[in-house]
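Hello,

Here is the structure you are taking over. Please open it first, then read the notes below.

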Amino acid sequence: MGAAETSPLAGLLRRFRVRAALSQEELAVRAGLTGKAVGALERGERRRPHPHTLRALGDALGLDDADRAALAAAARPAAPTAPAGDPPGLPAPAAPLVGRDAELAEVAGLLRAGVTRLLTLTGPGGVGKTALALAAARALAPEFPDGVTLVELAPVREARLVLPTLARALGGRQLAGPVAEAVAARLGTGRHLVVLDNVEHVLDAAPDVAGLLARCPGLAVLATSRAPLRVRAEREHPIGPLPLPRSPDAGTVAASPAVRLFLDRVAATGRTVVLDEAVAADVAAICRRLDGLPLALELAAAHARHLPPSALLGRLDDALGSGRSRDLPERQRTMRATLDWSHDLLTAGEQALLRRLAVFAGGFGLDDARAVAGGADVVAELGGLVEQSLVVVEDAPEARYRLLEPVRQYAAARLTFSGEADAVAGRATGAVLELAAAARDGLAGPGQGAWLDRLERDHGNLAAALGRLVAAGRAADVARLVEGTWLYWAVRGNVAEGLGWITRTSAAGLAPADAARLALGLSALRYASGDVPGTRAAGADAARAAAAAGAGDLRALALVMTGSAAVFLGDLDDAARDLAEALALARATGQAWARAHAVTARGQLLLRAGDLDGGAAELAAAERLARDLASPFTLATVLNVQASLARLAGDEETALARWTEAAELAAEVRTTWTLAYTLPGLAAVAARRGLPELAARLFAAGSATAEAAAVAVAFPPDVELAGQVLPQVRATLGGEAFGRAWDAGRLLRPEDVPALARQISGSPAPG
């Protein structure tokens, strides 16, 4: 590698000069420099020019402020291109970034200087936008101490879900209601870099991105898209193919970035290519035929293990000479031709599997692949697709895969042309329905955390299946899917999205059992959102439908919803009636989940009635049931109510212990619903123990959690406690100190809370 390849300034200056259509001599004359000086800068022999030299070059090139800032940043002493280890939230690079030194320096310089806050890398599919963006994010991580967050938008189907997806990436949460305000509050004023990958199909979210930038002065956004967002804050940065060899001689060919990438990927297959003059000519021709597109080069290189460059070029010529769509841009035609060629080298089984895998929105497992293949064993075919670089292996506890987006789009076109798209989509939907059926029991027991993780990994496929079912009017299947997964939507920050799917589904004409399932899911998600009257109304619908269906298990769960809502509303007689029937049905039908939550709700009823001793006994029974059930969510729910009761009884130590354990459970399984109740309780104890700054942070974390997850604290004693203590904390700290603590608290993560709870435990209780 020559000096210029290791000098960001050299590549960037050359890029600006070529863009201005100037020779080195012409630039030297305009800038008042010697041709030798300009040549030394572009060869990387001189890397630290004087500031007046940079100003002269900027004037001569007609650079704007952002380009001048990038040039100055490239001339500063180089910081490490990546921090020690990979920044949290960014995937480790699968392969080195080749041939993009100048672009990397320019992108990093623009964002580092702060002049540009929304930078969009545009270009055709497969040009390497994502790889460049991730490399820049790794290089910039030290400049953004408040975090670098990657948001993969390829699985997202609607622009309105871009901000909720960003929220999940920021901390496993999703937003509803005033989405922009809540995300802005989560980001605060700190220095944070967000990478939005694959934006082109959700460009209507551009105003939301612009709004975030306006609210968050320390935020920078690096986007990748086939088209710009077209907002005023944006600076578009087109990414073209890698430069091709200018002549066929071996030295020039070896120096070409396109060739370097091709040879690097060939070497990864275990084959070594020696560039003598004949081989260099073949390799140069391959790169020219592929137009220097990185993905095309990688796909071609994958076959170099069994084809020498001369044979590879001959086969490539055939593929590139047929099946080209004249209504597409030249680069897309080339990409399509490359994928056509790679597709033609697959076995018939591999071809069929590839197009069928396009139905997945995001990743998929081995069983999912088998399902869309009609139940056939696909291990061999899937292995072949991985080997041919058409399927990527994800980093997950179990075998899991995904298609790169350009490949997925190509395969989707093949699927449509095959005439089997509807059948394959039906199989994919069937696999999701089977997943939901298994999740129904899995989410209720000791495997709850693993099931929540599994559903989160399949979030895109869940949403895609619901979209297909809603569009097809298959309300019964929507009801079954909702029945199995509503707890996931409720506790992993997806309440708003889950409610959206349910409310778009008509219950008209449903069999009573399915109507009960749909209404039960609606009631549960309304409960999580804090809509207590809505919880009661939907629960009543579910209870009536379940009675008509003779489904005692569904009626038990529905009556838990109506009874709990009645407790919250103060209708204690109605609550007692509903909960008594719910408990009887739960025992009769063996519904341990419904039984534990019915007993918990009876404890809440007694607490509200002022019978603290009776409530404590009832909650002790609920705790035993919850621990036997081994459901972290159920146990955390019981612990929160026990803590509230203990506080009212004056037993602060017990309250703190219960809230601390609830916080540990929430961190363990990454749930937000119970945590929204835990945090204000901990804050109240911190305030009583003379820790007002910590109390403010915990109150803020509770507020942020509730907003981000679209959940609400609705149990009246807990609402009253926060209403009493929070103003006291604000008064104790004063406005400025309270504001600082509040801003810091909104950035707390669920996993941070247990340590803070233990910090409270170490402080003495007031005398």
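Helices and strands here are DSSP runs, numbered from the N terminus; a helix has at least four residues and a strand at least two. Please note that this is a predicted model.

Start with the loops. Arg-230 lies in the loop between strand S4 (219–225) and strand S5 (234–238). Its phi is positive, about 60°, and Arg-230 is not a glycine. Most residues other than glycine have a negative phi. Arg-230 is also exposed, at a relative accessible area of 65%.

Ala-630 is another such case. Its phi is positive too, about 65°, and Ala-630 is not a glycine. Look for Ala-630 in the loop between helix H31 (612–629) and helix H32 (632–648). Ala-630 is partly exposed, with 33% relative accessibility.

The largest nonpolar core holds 93 residues. Those with the most contacts inside it include Leu-481, Trp-486 and Phe-568. A second, separate core has 73 residues, among them Phe-16, Ala-66, Ala-220 and Leu-222.

What does Leu-481 touch, leaving out residues up to four places away in sequence? Its partners include Val-432, Leu-433, Ala-436 and Leu-462.

Leu-433 sits in helix H21 (residues 421–442). Beyond its neighbours within four places in sequence, Leu-433 is in contact with Leu-469, Arg-474, Asp-477 and Leu-481. Glu-581 is 148 residues from Leu-433 in sequence. In space, the two are 31 Å apart, C-alpha to C-alpha.

Best wishes

Key. Residues numbered from 1 in each chain as written. Predicted model: local features only at pLDDT ≥ 70, side-chain atom pairs only at ≥ 80, totals over all residues. Heavy atoms only, no water. Core = buried A, V, L, I, M, F, W, Y, C linked by side-chain atoms within 4.5 Å. Buried < 20%, exposed > 50% of the residue type's maximum accessible area, 1.4 Å probe, protein only. Contact = heavy atoms within 4.5 Å.
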